[in-house]
Amino acid sequence: MSGSKGRYTTVSIPVTLYERIKRLIEGTGFTSVSSFVTYVLREVVAQYEAEKGGEVFGEEERRAIIERLRKLGYL
Amino acid sequence: MVSRPHGGRLVRRVATGARAERLAAEAREMHVIELPLDLAADAENIARGVYSPLEGFLVQEDYLHVLDDMRLADDTPWTIPIVLPVSPEELAGVGEGDEVALSYGGEPFAVMRVEEVYGWDKREYALKVYGTRDVRHPGVAKLEQMGELLIGGRLELFKPLPHPFSRYALWPEETRVLFEEKGWRTIAGFQTRNVPHRGHEYVQKAALTFVDGLLIHPLVGWKKPGDYRDEVIVAAYEALIDNYFPRDSIVFAVLRMAMRYAGPREAVHHAIVRKNFGCTHFIVGRDHAGVGNFYGPYDAWEIFREFPDLGVIPLFIREAFYCEKCGGFVNEKICPHSEEYRVRVSGTRLREMIRRGEAPPPELMRPEVARVVLSFENPFT
């Protein structure tokens with residue numbers, strides 16, 4: 001049986017912000033301020049991570065891949 | 001720009017040259033675990049980055065996080081546990097820290113370091129992944145035949161598995177370069193396990209209207225009895241693409257990966273996998289990866305709300321139907337006519353017609369596709 005023990009930690013935010021979020025999420029699908037903050041943080045973190053750029057292939061490696069794609073008729 | 005690989009880095013654990021030869025030689029001295037095709041394919045998919053950021057079969061911490069939170073232990077979204085079940089007999093004498101050879105068809109193809117051996121509760125797995133313990137669900141039924149232990153650990157491929165569709169077997173590094181060479185910045189992925197009917201074509205073309213390119217990416221590999229055979233799906237798509245798609249806007253390739261029929265969870269998994277192939281968008285269909293009545297028709301759309309950090313944009317395209325008044329394929333949102341004018345495409349009905357050797361009407365399936373499907377003596381598994 002698995003559980004969620006040890007999977008959460010506490011982060012402090014201003015009480016005023018907490019109250020503002022609490023009002024904001026009334027009537028939405030969010031069940032708590034924590035779930036809203038988690039959602040927003042994941043979205044923001046993903047955006048920062050995405051800015052780090054994608055995969056870079058070495059020139060030789062890239063040439064070999066292009067050659068295979070040509071042989072298969074994709075290029 | 002093609003999408004960033006899931007987790008930030010495309011995994012490539014494929015040995016070549018002298019290293020591959022050395023691993024092959026070492027594997028001959030190792031304990032060998034023989035895998036069925038779907039697990040062997042999972043191993044190759046790990047090594048080739050299809051399942052990035054996974055570098056091996058899940059260890060227990062990741063496994064439990066995936067079951068409970070639909071995320072890996074480092075918080076990366078991940079919904080389907082990629083695990084290697086074995087029986088205690090298969091593992092005889094092997095302990096944590098040992099290296100084993102993974103083999104398919106009697107031929108070792110990868111080396112795996114056994115980082116962990118752990119038990120699993122199949123009933124919990126069934127309930128959390130499939131949402132049911134009903135053995136009529138093909139995924140649940142398949143669980144029953146699996147080993148009682150899971151082994152987790154990184155692996156390295158030294159010999160590619162034989163592929164029945166090598167002409168169409170592209171890996172993430174290849175599609176990524178291909179999309180870049182084509183100059184595509186936005187790419188929609190389309191997952192399928194069926195031959196194409198007009199509803200599929202409508203959805204694909206609706207997506208293609210808004211992106212630079214479309215990856216049509218059927219699964220080949222294990223499917224439940226009664227599904228279309230792989231060679232039928234490939235031949236049917238060849239007929240559709242030759243006759244009805246602009247070749248410079250689409251890429252057709254196959255992915256060898258077992259269907260799980262895990263509905264919403266599998267829809268997210270399919271999206272993550274296509275992100276690794278470079279897709280920026282992913283088409284989520286009605287009852288995506290569903291089976292029978294185990295999932296609601298739009299459950300798979302709902303689950304995506306839980307992943308603001310998925311890194312691939314889901315395209316929710318409504319179910320299409322043929323409207324006799326409109327004179328073409330439309331959907332609920334754009335057709336004002338009543339049900340009496342609407343011809344809905346039912347996969348079950350199409351399969352029944354094909355079983356009887358009847359060609360479906362052209363408003364349901366392109367004649368060129370129907371001819372190809374009917375040319376097979378038995379198109380079903």
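**A residue after a helix**

Modeller: Let's begin with B:M70, which comes just after helix 3 of chain B and takes a positive phi of about 60 degrees. Bear in mind that this is a predicted model, so to speak: local features need pLDDT of at least 70 and side-chain atom pairs pLDDT 80 or more, while totals for chains, interfaces and linings use all residues. Residues count from 1 along each chain as its sequence is written, chains are lettered from A and ligands numbered from 1 in the order written, and side-chain values use heavy atoms, with hydrogens and water left out.

Helices here are DSSP runs of H or I with at least four residues, strands are E runs of at least two, and both are numbered from the N terminus. Helix 3 of chain B spans residues 60-69, and its buried residues are B:Y63, B:H65, B:V66 and B:L67. Buried means under 20% relative accessible area, exposed over 50% and partly exposed in between, with a 1.4 Å probe and protein chains only. The cover over those residues includes strand 6 (116-119), helix 4 (122-130), strand 7 (149-157) and helix 9 (263-276) of chain B.

Now zoom out. Chain B is divided into domain 1 (6-157) and domain 2 (166-374), with bounds from an automatic or database domain assignment. Taken over C-alpha atoms, the centres of these two domains of chain B are 28 Å apart. Their contact (heavy atoms within 4.5 Å) takes 34 residues from domain 1 and 31 residues from domain 2. Between them they bury about 2900 Å², with 61% of it on carbon and sulfur atoms; buried area is the accessible area (1.4 Å probe) that two parts lose on being put together, summed over both. And here B:M70 turns up again: together with B:H6 and B:V50 it supplies 20% of the area that domain 1 of chain B buries against domain 2, more than any other three residues.

Also worth a look is B:D38, in helix 2 (residues 37-47) of chain B. At 17% relative accessibility, B:D38 counts as buried. Leaving out residues up to four places away in sequence, B:D38 touches B:K142, B:W222 and B:A258.
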